[in-house]
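Thanks for coming. I will go through one model today, starting with the sheet and ending with the salt bridges. Please have it open on your screen.

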Amino acid sequence: MEKLKPTVVDVNRVKPLSFGPEYDSRMILDHVITGRDGVIQMNHGTVKAGYALGGGVHDDDEIYYILSGNGKLQLGEEIIDVFADQVIFIPAGCFHALDNTEGSEDLKILTFWKDWRANEAYTERVKQWGTSFKTIDEE
C-alpha cells in the first residue's frame, strides 16, 4: 500500500454544498482529500433548525455521530431522540430520516461510510463543482 502523508482538514474552511435552506454538507475526508481510494468517507452535515430531511435507504452501512443540537431520527418504523455525543449505526437497507423541525438550533452531525459512490451528496458535489472537495477560498 502506498505511503501517504497525514492529512489535516480545518472543517470551518471547507466549502459547504447547500441542499436548499434545510441542509448543508461538507465533505471532510474522502479519497480525493487523502489520495487513496478505499478510505472511510466522512461528511459534516448541518440540518437547519425548523427543517427535516426526506430520508432514504442505502446499500451500505452508515454511522452518524451527533455533534450538537437535538432532533428526531427515524430508523425504519422507530423514531428516536438524538442529541450531542450519540453514535448511531444505521445498517444497510434501513430507512433513516433526520427531523429538526422542533429544534431551536442547527443539528450538526458527522456521517461515516465506506464508499464514496454510496453518497448522493458526494455525487451532487462532483456534478456542481467537478470535485468532491473545495475550500471556502476556491471559486
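Which residue of strand 3 does S25 stand opposite? The residue opposite S25 is G45.

Before going on, some conventions: this is a predicted model, in which local features need pLDDT of at least 70, side-chain atom pairs count only at pLDDT 80 or more, and totals for chains, interfaces and linings use all residues. Residues are numbered from 1 along each chain as its sequence is written, and side-chain values use heavy atoms, with hydrogens and water left out.

Helices (H or I, at least four residues) and strands (E, at least two) are DSSP runs, numbered from the N terminus. Two strands count as paired if DSSP finds at least two bridges between them.

Six strands make an open sheet, in the order 1-2-3-9-4-7, with antiparallel pairing. Its edges are strand 1 and strand 7, each of which pairs on one side only. Strand 2 and strand 3 are joined over six bridges in the antiparallel sense.

Staying on strand 3, look at T46. T46 is buried, at 5% relative accessible area. Buried means under 20% relative accessible area, exposed over 50%, and partly exposed in between, with a 1.4 Å probe and protein chains only. Contact means heavy atoms within 4.5 Å. If residues up to four places away in sequence are not counted, T46 touches E22, Y23, D24, D106, L107 and K108.

At one edge of the sheet is strand 7, and I88 lies in that strand. The relative accessible area of I88 is 7%, so I88 is buried. Setting aside neighbours within four places in sequence, the contacts of I88 are E62, I63, Y64, I66, L73, L75 and V82.

Together with I63 and V87, F89 makes a nonpolar surface patch of about 280 Å². Patches are made of residues with over 30% relative accessible area and no salt bridge; like charges are joined within 9 Å, and nonpolar side chains (Val, Leu, Ile, Met, Phe, Trp, Tyr) within 5 Å. The accessible areas come from the Shrake-Rupley method with a 1.4 Å probe, and for residues only the protein chains shown count as cover.

Next, a hairpin. Strand 5 (residues 70-75) and strand 6 (residues 78-83) pair in the antiparallel sense, over six bridges. Q74 has I79 of strand 6 as its bridge partner. There are two residues between the strands of this hairpin, and G76 has a positive phi near 65°.

On to helix 2. Which residues of helix 2 are buried? In helix 2, residues 120-129, they are A121, Y122, R125 and W129. These cover an arc of only 105° around the axis, which puts them on the same side of helix 2; the arc is that of the directions from the helix axis to the C-beta atoms. The cover over the buried residues includes strand 1 (17-18), strand 2 (23-29), helix 1 (31-34) and strand 3 (41-47). On the face turned away from the buried side are the exposed residues E120 and K127. Just after helix 2, G130 takes a positive phi of about 85°.

Last, the salt bridges. A salt bridge here is a side-chain nitrogen of Lys or Arg within 4 Å of a carboxyl oxygen of Asp or Glu. By this rule there are three.

One is D137 with R13, where the closest N and O atoms are 2.5 Å apart. D137 is in the segment after helix 2 and R13 in the segment before strand 1, so this pair ties together parts 124 residues apart in sequence. D137 is exposed at 56% relative accessible area, while R13 is partly exposed at 35%.

Another joins the side chains of D24 and K48, at 3.3 Å from N to O. Since D24 lies in strand 2 and K48 in the loop between strand 3 and strand 4 (62-68), the pair ties together parts that are 24 residues apart in sequence. D24 is buried at 17% relative accessible area, and K48 is partly exposed at 24%.

D81 and K72 also form a salt bridge, with 2.5 Å between the closest N and O atoms. D81 is partly exposed at 47%, as is K72 at 32%.
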